[in-house]
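Here are some questions and answers for a reader new to this structure. Look at the model, then work through them in order.

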Amino acid sequence: MSKGILVWAEVTRENYLHPVTFELAGKAVELASKMDETPVIGLLCSKPNLIGEFKDAFKHNGFDKVVYVAEEKLEEYKTDLYAQAAIDAIKTIDPEIILMGATTQGRDLAPRISMSLHTGLTADCTALDINEDGKLAATRPTFGGQLMATILSKNSPQMATVRPKVFRPNYLDSEKDTIFIKHGVDLSNKNSSIEILDFKKKLCSDINDLDSADIIVAGGKGMQSKEGFDLLRQFADKLGGSVAASRTAVELGLAPQQCQVGQTGKTVTPKLYIACGISGALQHVVGMENSEKIIAINNDKDAPIFNVADYGFVGDVFDVIPQLINSL
Amino acid sequence: MNIILCIKQVPDTTDIKWTENNTIQREGLESVVNPYDVYALESALDLKSRYEDINISALTMGPSQAEKALRKVIALGADKGILLCDKKFAGADTYATAKTIAAAIKSKLQDYDLILCGQFAVDGDTAQTGPGIATFLDIPQVTYVKEIVEYTRGYVTVIRETDEGLEKIRVKLPAVICILKGEFETTRPTINGIIRAQKSKILKYGIDDIPLCPVETGLKGSPTYVSRAFRALKRDVNCKFIGDVKELVQVINSVRGKHE
Ligand SMILES: Cc1cc2nc3c(=O)[nH]c(=O)nc-3n(C[C@H](O)[C@H](O)[C@H](O)COP(=O)(O)OP(=O)(O)OC[C@H]3O[C@@H](n4cnc5c(N)ncnc54)[C@H](O)[C@@H]3O)c2cc1C
């Protein structure tokens, strides 16, 4: 029997479990079915007394077991303390595979864990599978999203990070009889080398919106100005959607960084993505091509965005969008 | 303060040509200094303009051509260049790269306070080498840093941009800091810089200079390997062009499940 697939349970600053935890759990259950009697194990490192709040969520998302480390010093995410707690627990669990969210937390922590355990880590995967040898085959984009590479690890545990929204959670109506095990790690003598002096929550709530938005209205350089983005905001409000942006629009200061979609921004999968004045560079497309439907509005009929769009409208955004706002 | 700036020479990913077999045509591919490493250089130069006695040593591991990247950052204001170059280093994944760089720093450049890396490399985009170097040197790391606010003896204070917001963090030195794009003016090489870059002697170290065996470096020392590489699949659609706004409204309404 295999020792299991471990899923990192990411606790956010506001003390909820990041949805990527359940997306990974859904995938882990699927991968485990291709392996030999492999349990899906959650690892939660947090301040004390959080586990109780999460038990139901773990049970409904297919976890066979959850190992939790509950320490005062884990109140806030700090790389060194979290790495120590996680590595200690992982050595005891000895899993075959470790999956973590490719969030800022996951991408900060995962390499610290993999390097300490002298094993391989594949970052930011878009597909995971078990190959004929029973190994984790992790596929990720490289070269600015233009080349896909399937990567294997010679060592164990085999580790991968996956962005939010790449996989879908598999919520079970019935509860699994998940086993909860407390793992003690002594951090009393350990002081973090970092001190968090201050925290400012992001003003643009689009960050969370984008993750769950059904409709996204995205603007590029073609929106020209902040006023152009105000127009998009109105358009999005009409549709009950969120606003996103291309990197060029972000670089020009038309929209905040957290609205950026693409290779160096967010990956989004709404039901409808409306690209306005976006050319459709591959680095942008990799972040939105899994949207269910894509509509592109661009005044250049040869813009590459039309190659990925289900519907295209050739025209000036400043002409079309006000009409849409009035008619919707 | 002694800063080690880790840089990588990367192919210009905006200019990729494909062969008939859907592999990347590597000949003729232009090389550039990874843009995020340039941001890291800019934050180092910013420190240099604000504090006395800041020394910037640029370090890269790569083929002998990577010397060009070192001279480029010297022209932009780095003080010297160090090239880790050996056939035995070739084919390294992030684990072997971080291990080799850390071994070189430990044995050849002990006297450092701050290691700066770009947050990502645009070719691989793994964001792992910086944390890896920190792990092998057993020093703290701060990733996703937008700005280095302050340097006081033994500490730096930085602004870190996470998915949730901005953290102001004070970290004890020595530490590894990985830099995101900040709000810097793009640095341009100066005439003096270019002359200095041409004259600079690049320090070179190979496998015999660092305390690692050949099996620990390069392809052999890498736990991961690429089993398959293929061209990213395009979304398989045929775009339906719409002629008037009325019809567009209908399409939008039908997709969002609203009928009139
Ligand atoms: C390593 C790397 C990572 C990157 N990561 C990302 C990423 O994460 N996300 C991202 O988006 N990009 C990313 N990029 C940048 C990407 O390559 C493109 O440069 C960028 O997406 C272009 O943005 P754009 O479409 O807004 O601008 P442009 O390419 O300039 O396109 C503007 C479009 O607007 C149209 N237009 C202009 N005026 C009007 C009008 N009045 N009405 C209608 N249409 C109009 C034009 O026809 C044009 O098609 C990355 C690049 C690199 C090298």
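Buried means under 20% relative accessible area, exposed means over 50%, and partly exposed lies in between. The model is predicted.

Q: Is B:Tyr51 buried, partly exposed or exposed?
A: Buried needs a relative accessible area under 20%, and exposed needs over 50%. B:Tyr51 has 24% relative accessibility, so this residue counts as partly exposed.

Q: What is the geometry of the ring pair B:Tyr51 and B:Tyr151?
A: The ring centres are 5.5 Å apart. Planes over 60 degrees apart count as edge-to-face. The planes here stand at 80°, so the pair is edge-to-face.

Q: How many residues apart are B:Tyr51 and B:Tyr151?
A: B:Tyr51 sits in the loop between helix 1 and strand 4 of chain B. B:Tyr151 belongs to strand 7 of chain B. The pair links distant parts of the chain, and the separation is 100 residues.

Q: Is B:Tyr151 buried or exposed?
A: The cut-off for buried is under 20%. B:Tyr151 has a relative accessible area of 16%, so this residue is buried.

Q: Which residues do ring pairs link into a cluster?
A: Over all chains, the count is 10 aromatic pairs. Ring pairs form a cluster in chain B, made of B:Tyr36, B:Tyr39, B:Phe120 and B:Tyr144.

Q: Which residues of the largest nonpolar core touch the most other members?
A: Nonpolar side chains tend to be buried together in soluble globular proteins. The largest nonpolar core here has 50 residues. Those touching the most other members are B:Leu116 and B:Ile177.

Q: Which element gives the largest share of this core?
A: The largest share is eight residues. They come from residues 35-50 of chain B, which form helix 1.

Q: How many residues are in the second, separate core?
A: This second core includes A:Val217, A:Ala245, A:Cys259 and A:Ile295. Its count is 36 residues.

Q: How many residues of helix 2 of chain B are buried?
A: Helix 2 of chain B covers residues 67-76 and is mostly covered. Its buried residues include B:Leu70, B:Val73 and B:Ile74.

Q: Which strand of chain A gives the most to the lining of the largest cavity?
A: The whole structure holds four cavities of 30 Å³ or more. The largest has a volume of about 50 Å³. Strands 7, 8 and 9 of chain A each give two or more residues to its lining. With three residues, the one that gives the most is strand 8.

Q: Which residue of chain B does A:Thr122 touch?
A: A:Thr122 is among the residues that line the largest cavity. A:Thr122 is found in strand 5 of chain A. Its contacts include A:Ala138, A:Ile151 and A:Met159 in chain A, and in chain B there is B:Gln128.

Q: Is A:Thr122 buried or exposed?
A: Under 20% is the cut-off for buried. A:Thr122 has 5% relative accessibility, so this residue counts as buried.

Q: Is A:Glu132 buried or exposed?
A: A:Glu132 lies in the loop between strand 6 and strand 7 of chain A. Exposed needs over 50%. With a relative accessible area of 75%, A:Glu132 is exposed.

Q: What is the distance in space between A:Val162 and A:Gly315, C-alpha to C-alpha?
A: A:Val162 is found in strand 9 of chain A. In sequence, A:Val162 and A:Gly315 are 153 residues apart. In space, C-alpha to C-alpha, they are separated by 37 Å.

Q: What is omega for the peptide bond that joins A:Ser156 and A:Pro157?
A: Most peptide bonds are trans. The bond between A:Ser156 and A:Pro157 is cis. A:Pro157 is in the loop between strand 8 and strand 9 of chain A. Omega is about -5°.

Q: What is the phi of A:Asn15?
A: Most residues other than glycine have a negative phi. A:Asn15 is in the loop between strand 1 and helix 1 of chain A. A:Asn15 is not a glycine, yet its phi is positive, at about 60°.

Conventions. Residues are numbered from 1 along each chain as its sequence is written. Chains are lettered from A and ligands numbered from 1 in the order in which they are written. This is a predicted model: local features need pLDDT of at least 70, side-chain atom pairs count only at pLDDT 80 or more; totals for chains, interfaces and linings use all residues. Side-chain values use heavy atoms; hydrogens and water are left out. A nonpolar core is a set of buried Ala, Val, Leu, Ile, Met, Phe, Trp, Tyr and Cys residues joined through side-chain atoms within 4.5 Å. Buried means under 20% relative accessible area, exposed over 50%, partly exposed in between (1.4 Å probe, protein chains only). Helices (H or I, at least four residues) and strands (E, at least two) are DSSP runs, numbered from the N terminus. Rings of Phe, Tyr and Trp (its six-membered ring) pair if their centres lie within 6.5 Å; planes under 30 degrees apart count as stacked, over 60 as edge-to-face and the rest as tilted. On a 1 Å grid over the protein atoms alone, a cavity is a set of points where a 1.4 Å probe fits but cannot get out, and a pocket is an open set with protein on both sides within 12 Å along at least five of seven lines; lining residues have an atom within 4 Å of a point. Grid points are joined across faces, edges and corners, and a volume is the space filled by probe spheres set on the points. Contact means heavy atoms within 4.5 Å. Lists of a residue's contacts leave out its neighbours within four places in sequence.
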